[in-house]
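Here are my notes for a colleague opening this model for the first time. Please keep the structure in view while reading the points below.

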Amino acid sequence: MAESLLPFEDLRIELPEYVKEDGSKGSPPFSTSKHSFFQRETLKSIGSGVGPRTEYFKKHLVRIFEQIGRPVPYRFTDHLGRERSMDGGCLKFVGPDGQDIAEFIEQDGYIVAVRPKPVLIPRYGTTVSVAADIELLSKDTSVSATERVLLIDARLGQGQFRSSLLAAWHSRCAITSCNLPAVLRASHIVPWRLATNAERLDPENGIPLLATLDALFDAGLISFNDQGDLLAKPNLQAHPNLVETGMRLSRCPSKRMQGYLHRHRRINGFEH
């Protein structure tokens with residue numbers, strides 16, 4: 001049954017043991033068994049989506065989704081090199097509509113990846129500001145359902161925004177040229193809170209960066225001039241391993257990107 005549809009993706013995700021309420025180990029929602037792929041119509045709902053096992057599934061589905069910045073593959077390899085797949089019983093528990101838990105990514109009629117529904121992000125997400133922004137978007141009636149999905153994906157640094165941004169930079173960090181997807185972040189140049197919806201979806205308002213550089217950029221500790229040279233705040237001199245002299249973007253910013261960078265520099269005190 002679609003055994004070779006997709007291989008196990010090497011994500012090296014760490015997953016703690018699933019423990020029942022009585023302290024005993026139970027069958028985990030992310031199983032080390034090699035389950036066959038499921039079709040949506042075979043997922044007969046057998047519960048309300050409430051319970052400790054489903055809570056484990058929801059929590060770690062969001063955590064993995066945040067970590068890799070895209071829907072969670074049905075099959076992947078954990079940090080111990082074990083092949084894991086989503087347990088069919090757990091998928092059946094949330095049913096073919098996913099309840100308020102999951103959205104299914106399908107290929108040839110089979111579920112190949114799972115995305116947590118937006119309602120889960122504020123509850124289980126680790127970044128409070130991101131969770132709050134997504135909750136606001138979920139309630140925003142001024143945008144269409146389609147645009148809402150695009151904006152939520154963009155706030156998470158994934159979806160069409162991430163795909164377009166990575167395509168523009170050949171799927172590499174704009175500074176180090178690292179091409180490992182799991183550690184690349186789709187960074188907004190003009191911060192989310194100060195950007196319009198159009199700017200939030202504009203790939204020119206983004207830079208693909210390694211997670212450490214993304215954190216520095218988001219915190220306003222580094223920026224870039226119009227030629228793409230990295231600018232660093234003086235207090236980073238005490239942390240020489242974070243950035244190196246001469247770092248720069250791998251290509252010269254476009255005119256529109258220069259405009260976004262100008263605003264980033266002004267917001268973070270690089271221009272007076």
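**Notes on the model**

1. Start at the end of a helix. Gly 157 follows α5 and has a positive phi, near 70°. Bear in mind throughout that this is a predicted model.

2. Stay with α5, which covers residues 145–155. Its buried residues are Arg 148, Leu 151, Ile 152, Asp 153, Ala 154 and Arg 155.

3. Helix α8 spans residues 211–218. Its buried residues are Leu 213, Asp 214, Leu 216 and Phe 217. They lie on the same side of α8, because the arc they cover around the axis is only 165°. In general, an α-helix has 3.6 residues a turn, so residues three or four places apart point the same way. What covers the buried residues of α8? The cover includes β8, β9 (206–210), β10 (222–224) and α9. Just after α8 comes Gly 220, with a positive phi of about 75°.

4. Now the core. The largest nonpolar core has 69 residues. Phe 30, Met 86, Ile 175 and Ile 207 touch the most other members. Which helix gives the most to this core? Helix α1 (residues 52–68) does, with seven residues.

5. Leaving aside neighbours within four places in sequence, Ile 175 is in contact with Leu 209, Leu 213, Phe 224, Leu 230, Met 247, Arg 248 and Leu 249. One of these, Leu 213, is also among the buried residues of α8.

6. Next, the cysteines. How many disulfides does a search of the whole structure find? A disulfide would need the two sulfur atoms within 2.5 Å. Cys 178 is likewise in no disulfide. Is Cys 173 buried or exposed? Cys 173 counts as buried, because its relative accessibility is 1%. Cys 178 has 23%, so it counts as partly exposed.

7. Two residues other than glycine have a positive phi. Gln 99 has a phi near 50°. Gln 99 sits in the loop between α2 (88–94) and β6 (102–107). His 170 has a phi of about 55°. The place of His 170 is the loop between α6 (159–168) and β8 (184–188). His 170 counts as exposed, because its relative accessibility is 66%.

8. Gln 258 is in helix α9 (residues 255–267). At 14% relative accessibility, Gln 258 counts as buried, because the cut-off is under 20%. A polar atom of its side chain lies 3.4 Å from the backbone oxygen of Pro 253. Leaving aside neighbours within four places in sequence, Gln 258 is in contact with Asp 226, Cys 252 and Pro 253.

9. Last, a sheet. Four strands form an open sheet in the order β1-β4-β5-β2, with mixed pairing. Which strands stand at the edges? They are β1 (9–13) and β2 (30–31). Each has a single partner strand, so one side of each is left without a neighbour in the sheet. β1 and β4 (residues 75–78) run parallel, joined by two bridges. Ile 13 has Asp 78 of β4 as its bridge partner.

Methods
Residues are numbered from 1 along each chain as its sequence is written. This is a predicted model: local features need pLDDT of at least 70, side-chain atom pairs count only at pLDDT 80 or more; totals for chains, interfaces and linings use all residues. Side-chain values use heavy atoms; hydrogens and water are left out. Buried means under 20% relative accessible area, exposed over 50%, partly exposed in between (1.4 Å probe, protein chains only). A nonpolar core is a set of buried Ala, Val, Leu, Ile, Met, Phe, Trp, Tyr and Cys residues joined through side-chain atoms within 4.5 Å. Contact means heavy atoms within 4.5 Å. A polar contact is a pair of N or O atoms within 3.5 Å; within protein, one must be able to donate a hydrogen and the other to accept it, and residues adjacent in sequence count only if both atoms are side-chain atoms. Two strands pair if DSSP finds at least two bridges between them. The arc is that of the directions from the helix axis to the C-beta atoms.
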